[in-house]
Amino acid sequence: MKKVTPPDKTKPAGKINKPPFNWAWVYVIILLYLFLSPLLSGKMAKETTWQQFSTKILSRKAVAKLEVVNKERVDVYIKSSFSKDTAFKEVFKPIFGNGLYYGPHYTFNIGSVETFEHHLDEAEQAFSPAKHIPVSYVTESNWLLNLLSWVVPFVLLFFLWNYLMRRAGGVDGPGGASIFNFGKSPAILMEKENSKVTFADVAGLEEAKVEVQEIVDFLKKPDSFTKLGAKIPKGVILVGPPGTGKTLLAKAVAGEAQVPFFSISGAAFVEMFVGVGASRVRDLFQQAKNKAPCIIFIDEIDAIGRSRGKGALLNGSNDERESTLNQLLTEMDGFGTNTGVIVLAATNRADMLDPALVRPGRFDRHIYLELPNLTERTAIFHVHAAGLTMADDIDLTMLAGQTPGFSGADIANICNEAALIAARRKADKIAMADFGEAVDRIVAGLEKKSKIISAGEKRTIATHEAGHAIVSWLLRTVDPLVKVSIIPRGKSLGASWYLPEEKQLRSKTAFRERLCATLGGRAAEEVMFNEVSSGALDDLEKATKEAYSMVVYYGFDKRLGNISYYDSTGQRDLSLQKPFSEATGDLIDSEVRKLLAMAYRDATVILEENRALLEELAALLLKKEIVDQKDLEEILGKRTVGFKYFDLSDHEIYN
Ligand code: ADP
């Protein structure tokens with residue numbers, strides 16, 4: 001299910017606000033340098049040869065001086081009085097405005113200094129000694145070229161390394177963004193001025209709020225605790241399914257206490273290089289200590305805090321994760337109870353955590369957040385509907401009633417979807433129907449009215465859905481049905497909506513009846529057409545899993561007895577070995593098959609006995625496409641006192 005978080009008013013400040021250093025400038029400077037360096041090093045002289053030099057230049061007595069450079073090249077400077085001479089026009093080209101270029105004007109290579117001197121002597125024999133051309137010898141170390149040939153490979157290597165690091169370090173947050181802060185923690189800091197989330201934004205979760213209130217009090221007035229010698233927990237773990245408001249609660253604690261809030265995901269510590277995670281943990285705690293009192297929030301702490309040694313069978317031991325965890329433990333031991341840094345962590349698998357992490361002195365306090373109940377859902381609806389423009393007839397309590405099992409994040413999502421749906425139909429206000437549509441969409445996916453379905457298929461789908469509806473209607477413990485539709489949505493071709501009651505316990509009969517209702521669709525196809533279709537895939541998968549859980553987890557099977565192979569630690573998820581023998585495995589398989597067969601036979605019996613109702617409902621579905629509770633009550637009768645339920649235990653196949 002998609003999780004939509006409404007735009008966060010509290011934009012995290014701190015690191016994230018710094019404009020990132022623009023590397024493009026470095027590239028531009030290097031390119032400019034490479035491009036300009038030949039110009040700067042004065043290589044504007046025209047190439048020539050000794051022959052041309054001696055015949056065209058030397059003979060005209062135009063040479064001011066000669067410079068033998070590095071015993072391999074001669075630079076020729078022409079007298080400036082020749083600057084107007086057309087023969088030298090080319091080499092006296094003006095540079096930089098009107099200034100003349102004062103040489104060297106020509107250059108030529110020589111085999112050796114001796115030969116050059118010899119040639120020059122010969123050529124100058126005609127000149128009087130006073131007119132001999134001054135020759136100087138210079139050694140020019142081309143430091144620029146030398147430097148570049150050293151530096152360029154390093155620069156290239158540096159950029160390559162930096163690029164790789166940036167790619168590797170880009171988990172999230174600015175911390176991974178460059179080689180220089182690779183080992184820095186990528187936590188996002190929210191300053192206290194920006195912590196605008198308060199307990200008022202967290203609906204429900206009353207018990208959890210009471211528990212965290214103590215932390216708020218401590219952060220606000222540590223003295224009142226410390227003077228009595230009380231120690232405040234250093235770490236609190238928030239445990240609960242996704243979307244139940246763990247992050248929200250942690251933010252609210254920071255907001256209430258008006259302290260800075262560091263937030264990081266457990267996965268962001270772990271990098272492919274060993275030691276990085278540990279250094280990030282160290283850095284995070286260092287930063288936090290500087291900002292104390294403050295809160296560190298580590299989301300999905302199981303990414304680092306998973307019990308050491310678990311999963312070693314499949315992925316080998318994970319050194320990096322372990323060293324990160326060890327560092328976290330050391331840091332938590334290292335800072336005193338009263339430094340004012342409190343670590344809040346969130347997970348949905350507390351049982352997977354390393355025992356060392358949850359022992360007293362570290363994360364010794366666990367706060368469990370559950371999926372919200374009816375009252376809590378109503379409150380959450382109120383929080384999220386506060387910013388919406390809604391029609392007057394919106395009944396949030398009723399919506400809360402229609403959304404059992406939904407998390408706070410789902411409800412936030414519904415409110416947002418409803419607003420989007422209303423906007424799409426260009427309405428001024430969000431109507432109740434928009435909310436209904438949003439709920440349906442989140443449960444079953446988007447309606448696909450354009451999907452082409454043949455008349456024959458439609459009849460099968462209608463019969464299938466009518467089958468589910470009738471079997472579940474006639475069985476006492478199955479949740480009340482509110483709507484049946486044969487409009488394709490998402491991947492499914494038809495759907496039934498139930499209103500689950502909030503119960504903590506379910507009896508064995510309830511399991512059996514639900515199994516029976518799940519298989520009602522396929523049974524209806526067989527009863528009506530003597531043929532089954534592939535449309536029951538989803539049902540079969542659900543039924544098989546449920547039947548397995550009855551036998552293997554809940555100990556509902558008489559032959560297997562009161563035994564459960566459930567593993568709350570999650571350790572066995574990764575193990576290849578089954579916790580039972582081959583013989584028990586066979587027994588489990590046969591018992592599961594028997595359960596499913598019985599449920600299917602029950603469903604068939606119910607539908608055969610009520611064939612007329614099945615036909616009527618299927619026909620109505622074909623006609624209307626959506627059948628609601630009122631229609632169902634008209635055809636099947638109201639499920640109130642005196643309603644004649646079908647009792648499975650009366651039935652011979654159970655005995
Ligand atoms: P978790 O961290 O448990 O996965 P979040 O705290 O990120 O869940 O919750 C996601 C969003 O769901 C929140 O931003 C908020 O909009 C909404 N939400 C969840 N629980 C509540 C609640 N109790 N009250 C109000 N909103 C909630």
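Colleague: What is the strand order in the open sheet of five strands, and what kind of pairing does it have?

Modeller: The order runs β1-β4-β3-β2-β5, and the pairing is mixed. Strands here are DSSP E runs of at least two residues, helices are H or I runs of at least four, and both are numbered from the N terminus. Keep in mind that this is a predicted model, where local features need pLDDT of at least 70, side-chain atom pairs count only at pLDDT 80 or more, and totals for chains, interfaces and linings use all residues. Residues are numbered from 1 along each chain as its sequence is written, and side-chain values use heavy atoms, with hydrogens and water left out.

Colleague: What makes β1 and β5 edge strands?

Modeller: β1 (46–47) and β5 (135–138) each pair on one side only. Pairing takes at least two DSSP bridges between two strands.

Colleague: Which strands stand at the edges of the open sheet of six strands?

Modeller: The order there is β6-β8-β9-β10-β7-β11. β6 (188–190) and β11 (363–368) have a single partner strand each, so one side of each lacks a neighbour in the sheet. Three bridges tie β6 to β8 (residues 261–265), antiparallel again, with L189 opposite F262 in β8.

Colleague: Why is α16 called roughly perpendicular to α19?

Modeller: The axes of α16 (residues 455–474) and α19 (residues 582–609) come within 10 Å and cross at roughly 95°. Angles of 65 to 115 degrees count as roughly perpendicular (under 35 is roughly parallel, over 145 roughly antiparallel, the rest oblique), so this pair qualifies. Axes are lines fitted to C-alpha atoms, for helices over the stretch in contact, and angles run from 0 to 180 degrees between N-to-C directions.

Colleague: Which residues make that contact?

Modeller: G467, I470, V471 and L474 of α16 meet A603, I606 and L607 of α19, where contact means heavy atoms within 4.5 Å.
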